[in-house]
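Look at the structure first, then read on.

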Amino acid sequence: MKQYESLAGKQLSRRQLLTGSAAVGGLALAGSLAGCGGPAQASAVQNIDFWHLLSGGDGIKMQGMIDKANQANPGFKVHPTVLAWGPPYYTKLAMASAGGRPPEVAIMHASRVPGYAPGGLIEPWDLGLLEEHGVTSADFAPRIWEKSQQNGKVFSLALDSHPFVMFYNTDIAGKAGLLGSNGQLQAVNSPQEFMGMAKEMQKVTKAHGLSFGYLALGSQMWRLFYTLYKQHGADIELTPGQPMKVDRDAAIESLEFMASLLDDTIAASSGDINTAIAEFARGDSGMLFSGVWEIPTMKKAGLPFDAATIPTLYGTPASYADSHSFVLPRQLTVNDEKRRAVYKFVTDVLKGSLSWAEAGHIPAFQPVVKTAEYRKLTPQIHYANAADIIAYDPESWFSGSGSDWQTYFGENIQNVLLGRDKASVGWDAFERRTNTLLSRPNPV
């Protein structure tokens, strides 16, 4: 067996202690927030502490996979701890790792790994041991496997990809004459064509063609913006000590298009995510921009709906997404038997992730995606191609899901979408805020 690449002997500086992503904001004391302390005493059953941030339907699905793994493996028992999504979770995980009291395994968004791996807060996975458990790099889509790495080492194992997609009401689309012979929405290839399609749906609903809730939710604004921006074939580079590298014209054009949708005909000029979901669920709009995690909500509503990746309106297929990924928080001392049990637990969950797909997520483990059972899932199979066109956040110690950086985006862009600021004004303000962050030294 290969030696684990434990960082047990590595001393963390005060600066490293405060990392995990500077974007999480003020850090709380770790004492009462940490996981179980020290290696477990030798016993017949290895107790594994597992932290995650999955609630609602996702939490129920995850608990089911944990229960299944526990039942199939009498040699270990996984004990989950569910913490609040976003900055609170990442703050607690960083402090637990830095303080030497972390869980044995945790869930982290792939986009947040660059804020943890360089400072030694998480440890790399042993590819040899993964292979012993039947998991190799060939089992993941190339873009997802690439994202799992930092400096040539694999620091995260993706459970899924969860893209930002377009839901549509098949009854409304049919009445508007917008369904193809396969029963799916006709393709559109430009902003003008998309707006025309939305207006045809509005004629049917007599309310709106599209639902998009964004008020006070920077992440929602960012997901649509970054999808459209990446469809321009453009990148954003965030290098500490240097100004943000960005295609300003593509950014402004994307924002102007977003604002043009919010005309109270195509979509409501203002509204939050909850009102948008409710509007679509009751049939007052033909389409909804949101994450795949809303599939259980729509099925519960009894809605005739389907879903697809957001149409390619600017030439380059792209879909904003992130991945829930397994990570190994830094241990002061690695218990080899417990670590092996963690590998067995994680690989069992990856292999059994068909149930996770039922919640809307695209399994990262490709043997599951290739099964006949997965291919029967609708609408999941209709946006499975998103795994090949994923647009993860640009890498930085302050970017990623649940980061303050996405909140800053919303603070500067919301007035653009409300029609109070020009797109250029909002973008330039966000760019200045980003450059201030970049002017600070990387805390790792």
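The axes of H9 and helix H16 (residues 404-417) cross at roughly 55° and come within 9 Å. Axes are lines fitted to C-alpha atoms, for helices over the stretch in contact, and angles run from 0 to 180 degrees between N-to-C directions. H9 is therefore oblique to H16; angles under 35 degrees count as roughly parallel, over 145 as roughly antiparallel, 65 to 115 as roughly perpendicular and the rest as oblique.

This is a predicted model: local features need pLDDT of at least 70, side-chain atom pairs count only at pLDDT 80 or more, and totals for chains, interfaces and linings use all residues. Residues are numbered from 1 along each chain as its sequence is written, and side-chain values use heavy atoms, with hydrogens and water left out.

**H9 with H16**
- Leu255, Met258 and Ala259 of H9 touch Phe409, Ile413, Val416 and Leu417 of H16; contact means heavy atoms within 4.5 Å.
- The residues of this contact are seven nonpolar, no polar and no charged.
- Ala, Val, Leu, Ile, Met, Phe, Trp, Tyr, Cys and Pro count as nonpolar, Asp, Glu, Lys and Arg as charged, and the others, Gly among them, as polar.

**H8 with H9**
- Helix H8 (residues 218-231) packs on helix H9 (residues 248-261) at about 125°, with axes 9 Å apart.
- H8 is therefore oblique to H9.
- The contact of H8 with H9 has 10 nonpolar residues, one polar and no charged.

**Whole protein**
- The protein has 17 helices and 15 strands. Helices (H or I, at least four residues) and strands (E, at least two) are DSSP runs, numbered from the N terminus.
- Of the 444 residues, 57% are buried, meaning under 20% relative accessible area with a 1.4 Å probe, protein chains only.

Terms used. Buried means under 20% relative accessible area, exposed over 50%, partly exposed in between (1.4 Å probe, protein chains only).
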